[in-house]
Structures are given as C-alpha cells and as structure tokens.
Amino acid sequence: KNRPTIKAQRESAAARTTAEEKLKAYLNLVKTEKVTDERFVLNENQIKVAERMLYEVTRENFASIVNPEPCRSGKTRVTVLVILCLLEWILKIGANTDGTDGKILIISPLTATDAFRETFTSFSRYFHSLEDIVKLCDGDPQNVAKTPIIFVTLQSVSKFKLKKFVLVVVDECHEVYTKSQQKPSKNNKEKIIDVVRNICNDSLLGIFMSGTIITNGFCDVYWL
C-alpha cells in the first residue's frame, strides 16, 4: 500500500497541525454556542468521535471505522467536519506523493449519495466562512474549499478502480459486503467488495462509516 514518503511526511507536518487547530477552533465555537447553523452543531458524543477520527486518520493506520452509536444520526456531519479540517493536509500529501490523483473519493449507497454531497457542500461553505477558520488557512480558504472531490455510488464505483486517491471515504460501509453477496451483472463480473478493497488499498487514507446495526456480525466490515 502506498504511503507518504519521509519527505512528504515532513512537509505535511505543519498542515497536519493546522488540521488539529481547525478542529479545535471549530469545536470551541460549538461549545461556546457560536455555531449559528443548527445543521452543523455537534453534541458531546459527536465531538468525541470527531476528535478520535482526526487522530486516527493522521497518526495511526490511515484508517478509521466510525460507529457512532451514541450520536447515530450525526455520522455524516462528524465525518464531513473531519474532512474539512484535513483538506489542506490532504492537498499537501497529494502534491508530494507519487502515484496519487490528489483527490478525495466518497463512496455511498445510491440512496445516500446526494444527501452526502449536499451536506458536504453546505457544511464546507459555512465552515470556510468562519473567521476563526479562515485565519488558520495557509492559503485562500476558497481555494482550499475547491479541493477536487468525487462522489460515487457503490453501483458505479468500478469506473474508478484504476485510480489512486489520497482519501477514500466509504459511507454505510456494511453495504459493501451486503451488495457483494448479490449476483454480479453480465457486464461487470467483479464483486463490489473487491473493487472497493482494491481502491482503498491503493489510497493513502481511509474513513469507513456505519451507523447501522450489523446483523451479520463484524464480518460485514471486516473484509474491507
């Protein structure tokens, strides 16, 4: 699996620190009730999940499985916040790592793709309008907000199987296993789980999301 080079890690250290500062600044606004849009307010449990996610993605195995049972309906909001804080760091990694397209790929079930895109777009617009966030951006916050992001459904993800991304987000990741138990189409005999696994293996960072009770046990997400 591709990893950032030593040089890239060193050059991205400042951007990683900025990501941490952005999350801290935003959560401080939340705690002091200065986030005026209720769509982007996090509760105490969601704050803990966001802090853990950012730490795991930037420092540990470049992967985080989100299972926000205490905050349940806020998993997309929490994940989008973490991605927004990471944008400059992701851009820095992409610019200094060979073999990546420097983009973010967000994979969702068909029924969730539009909702994820809408949440991301509106949250990004609000996030990058906050003075406390703008002053932490290394460059123009509007340029940061324009980081190339691809939204794709599980049913269409195979078109990106030869691409390499800095960050891959798999929304409702248990669905990858469920969909893969269905018979492949005549035009595409690859199982979805194999395509998603290969894309994730070729990417630098990964976030896996699920707020759904896993009826088959952890095998639903283990194989990713």
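The model is predicted, so local features need pLDDT of at least 70 and side-chain atom pairs count only at pLDDT 80 or more, while totals for chains, interfaces and linings use all residues. Residues are numbered from 1 along each chain as its sequence is written, and side-chain values use heavy atoms, with hydrogens and water left out.

I begin with the cores. A nonpolar core here is a set of buried Ala, Val, Leu, Ile, Met, Phe, Trp, Tyr and Cys residues joined through side-chain atoms within 4.5 Å. Buried means under 20% relative accessible area, exposed over 50%, and partly exposed in between, with a 1.4 Å probe and protein chains only. The largest core has 48 residues, and Tyr26, Leu81, Ile83 and Leu205 touch the most other members. Helix H3 (75-96) is among the elements that give two or more residues to this core, and H3 gives the most, twelve. Helices (H or I, at least four residues) and strands (E, at least two) are DSSP runs, numbered from the N terminus. A second, separate core of 19 residues includes Leu105, Val152, Phe165 and Val196.

I turn now to the salt bridges, each a side-chain nitrogen of Lys or Arg within 4 Å of a carboxyl oxygen of Asp or Glu. The structure holds eight. In one of them, glutamate 88 pairs with lysine 22, with the closest N and O atoms 2.7 Å apart. Glutamate 88 lies in helix H3 and lysine 22 in helix H1, so this pair ties together parts 66 residues apart in sequence. Both residues are buried. Finally, Lys75, Asp171 and Glu172 are linked in a salt-bridge network.
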